[in-house]
Amino acid sequence: AQYGPRCAENVKSGKVLLELSDLELECGLGITHPMHRKKLRLAIEEHRHPTLVRYPCIAQLGHTWVSSEWLPDLGLAQYSENFATNMVDARMLDHLSKKELEKFLGVTRKFHQASIVHGIHLLRMMKYDRQALAVRRHQCETVDADPLVWTNQRFIRWARNIDLGEYADNLKDSGVHGALVVLEPSLSGDTMATALGIPPSRHMIRRHLTTELEALVLPARYVVFCQPDQEFNQRTQR
């Protein structure tokens with residue numbers, strides 16, 4: 001909306017908009033922010049080559065959904081304002097670079113970068129189908145299964161359910177979510193213990209956490225990494 005008046009004044013048809021260069025977008029329409037130009041450019045390319053669109057559902061996931069729903073589900077709500085200001089939608093997520101994460105979105109912590117990368121990986125696995133993802137999450141709300149799709153909030157409840165309620169709330173704003181836990185090979189019981197704030201001296205509690213985490217995650221990793229066809233079939237049949 002902020003570029004509406006300039007666009008109405010200088011662009012008389014969709015065809016004209018499709019042919020604008022980055023310089024013309026900046027000078028003619030006043031779109032000086034690199035991320036805003038990228039957002040428009042990606043949308044233009046999708047309209048220019050609709051048959052090449054890999055994820056038909058991606059256009060339905062706007063920047064409001066990314067900042068108000070997707071990031072909190074990852075446990076990264078602290079970045080919501082930055083993502084909203086940069087108008088990051090699902091198309092932009094699919095083309096997001098590490099440089100953009102750091103320079104424009106303020107995500108400099110490596111763990112949080114990994115959280116976002118794996119969150120995007122899950123969206124791709126689900127073909128950016130928000131409804132299909134919601135269905136899978138609903139199916140495991142009260143059952144400790146399919147951790148790949150768990151939100152940060154679901155992991156907090158899981159921590160409480162395995163008698164770690166004292167530490168569970170430490171997972172808020174931690175970036176811990178199912179896709180990170182399942183898809184990141186380096187994530188271990190020690191990683192989760194650190195995220196939960198369990199002191200290194202609490203050996204028995206850490207051992208208990210590792211046992212519970214492995215029981216939850218190892219079967220999911222086996223399906224994803226060793227039986228990818230089975231994972232695909234599970235996703236398409238649900």
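Arg-136 and Asp-146 form a salt bridge, with their closest N and O atoms 2.7 Å apart; the term stands for a side-chain nitrogen of Lys or Arg within 4 Å of a carboxyl oxygen of Asp or Glu. Arg-136 lies in helix α10 and Asp-146 in the loop between α10 and α11 (152–161), so this pair ties together parts that are ten residues apart in sequence. Helices here are DSSP runs (H or I, at least four residues), numbered from the N terminus. Both Arg-136 and Asp-146 are buried, that is, under 20% relative accessible area, where over 50% would be exposed and in between partly exposed (1.4 Å probe, protein chains only).

Before we go on, please note that this is a predicted model, in which local features need pLDDT of at least 70, side-chain atom pairs count only at pLDDT 80 or more, and totals for chains, interfaces and linings use all residues. Residues are numbered from 1 along each chain as its sequence is written, and side-chain values use heavy atoms, with hydrogens and water left out.

By the rule above, the count comes to 13 salt bridges. One of them joins Lys-39 to Asp-89, with 3.0 Å between the closest N and O atoms. Since Lys-39 belongs to helix α4 (residues 34–48) and Asp-89 to the loop between α6 (80–85) and α7 (90–93), the pair ties together parts that are 50 residues apart in sequence. Lys-39 counts as buried at 16% relative accessibility, and Asp-89 is buried too, at 6%.

Next, look at Arg-137 and Asp-73, whose side chains meet in a salt bridge (3.3 Å, N to O). Arg-137 is in helix α10 and Asp-73 in helix α5, so the pair ties together parts that are 64 residues apart in sequence. Arg-137 is buried, with a relative accessible area of 16%.

Arg-137 also leads us to the largest cavity, whose lining comprises Trp-70, Leu-74, Gly-119, Leu-122, Leu-123, Leu-133 and Arg-137. A cavity is a set of points on a 1 Å grid over the protein atoms alone where a 1.4 Å probe fits but cannot get out; lining residues have an atom within 4 Å of a point. The elements giving two or more residues to this lining are α5 (63–74), α9 (110–125) and α10 (130–139). Helix α9 provides the largest share, three residues. About 30 Å³ of space lies in this cavity, a volume being the space filled by probe spheres set on the points, which are joined across faces, edges and corners.

Technical notes: 1 Å grid on protein atoms, 1.4 Å probe; cavity = no way out; pocket = protein on both sides within 12 Å on 5 of 7 lines; lining within 4 Å.
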